[in-house]
Amino acid sequence: MMPLLYVVTSIFISVLQSGEQVSGHSCRYAYVCDGGLTSDHTDIIKLKKEIEALKEKSKPVAFYAYRSGNLGTGSNLRHSIVVYDRVDLNIGNAYNKNNGKFTAPSVGLYLFHVSTGVYFKSYAVMQLVLNGVVKDIGFPDSATTGHALVRSHSTTATPLLLKRSDVVYARIGVINGGNYIESNQYIRTSFSGTKL
């Protein structure tokens with residue numbers, strides 16, 4: 001995006017510096033003549049707005065957060081938002097570690113990852129949700145194994161086309177149970193995203 005912004009800005013500056021005289025006027029610049037504005041002024045305002053929009057679109061947005069500890073399971077957690085309270089990266093400050101929600105700062109294509117680990121004889125449906133609508137589902141399940149200390153892990157990678165102020169979060173889905181969703185020195189349960 002930055003090369004395009006550079007090109008547009010360069011064109012804008014070269015137009016302003018060209019110094020071409022407007023036919024029928026005794027002024028140097030096409031956008032201001034004899035103290036008044038020409039019709040070209042509207043084009044310059046439009047161009048400035050487009051440059052500002054390109055600047056906004058080109059701002060980087062990325063976050064990576066994980067749970068600082070395990071999360072117990074149970075029927076009372078159905079459709080609960082998972083709060084990833086440890087934030088390693090939050091470029092653009094779009095992720096809120098207090099409520100677990102990402103709010104899009106600008107229009108664009110984003111990619112989200114939800115990685116979830118469960119301890120021995122545990123399971124949890126994990127949903128990626130956009131504005132209340134489920135967009136992806138993962139299901140780590142170690143409940144059916146007979147081996148002690150066997151864990152399960154799932155990761156989803158989901159591209160989403162977002163508008164400004166859209167809200168994305170991960171939540172526990174329709175079922176979960178067993179011991180706990182694990183996030184410790186063995187498995188890290190995390191939520192991350194970036195604007196492409």
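The legends below describe close-up views of a predicted model. Local features need pLDDT of at least 70 and side-chain atom pairs count only at pLDDT 80 or more, while totals for chains, interfaces and linings use all residues. Residues are numbered from 1 along each chain as its sequence is written, and side-chain values use heavy atoms, with hydrogens and water left out.

View 1. S183 lies in the loop between β13 (180-182) and β14 (190-195); strands are DSSP runs (E, at least two residues), numbered from the N terminus. With 4% relative accessibility, S183 is buried (under 20% relative accessible area; exposed is over 50% and partly exposed in between, with a 1.4 Å probe and protein chains only). The S183 side chain comes to 3.2 Å from the backbone nitrogen of T189. Beyond its neighbours within four places in sequence, S183 has contacts (heavy atoms within 4.5 Å) with R67, S68, G69, N70, R188 and T189.

View 2. The structure has 13 aromatic pairs, counted for rings of Phe, Tyr and Trp (its six-membered ring) with centres within 6.5 Å; planes under 30 degrees apart are stacked, over 60 edge-to-face and the rest tilted. F102 and Y110 form an edge-to-face pair, because their ring centres are 5.7 Å apart and their planes stand at 65°. Both F102 and Y110 are buried. The pair of Y123 and F139 is also edge-to-face, with centres 6.5 Å apart and planes at 80°. Y123 belongs to strand β9 (residues 123-130) and F139 to the loop between β10 (133-138) and β11 (152-162), so this pair ties together parts 16 residues apart in sequence. Y123 is partly exposed at a relative accessible area of 25%, and F139 is partly exposed at 40%.

**View 3. Aromatic cluster and charges over rings.** One aromatic cluster is made up of F63, Y84, Y95, F102, Y110, F112 and F191. The charged end of R188 sits over the ring of Y66, 3.7 Å from the ring centre (NZ of Lys or CZ of Arg within 6 Å of the centre and within 35 degrees of the ring normal). R151 likewise has its charged end over the ring of Y186, at 4.6 Å from the centre.

**View 4. Open five-stranded sheet.** The strand order is β6-β7-β12-β9-β10, with antiparallel pairing (two strands pair if DSSP finds at least two bridges between them). β6 (95-96) and β10 are at the edges with a single partner strand each, so one side of each has no neighbour in the sheet. Strand β7 (residues 101-103) pairs with strand β12 (residues 167-177) in the antiparallel sense over two bridges. T103 has V167 of β12 as its bridge partner.

How values were computed. Helix = DSSP H or I, 4+ residues; strand = E, 2+ residues; numbered from the N terminus. Polar contact = N/O pair within 3.5 Å; in protein donor to acceptor, adjacent residues only side chain to side chain.
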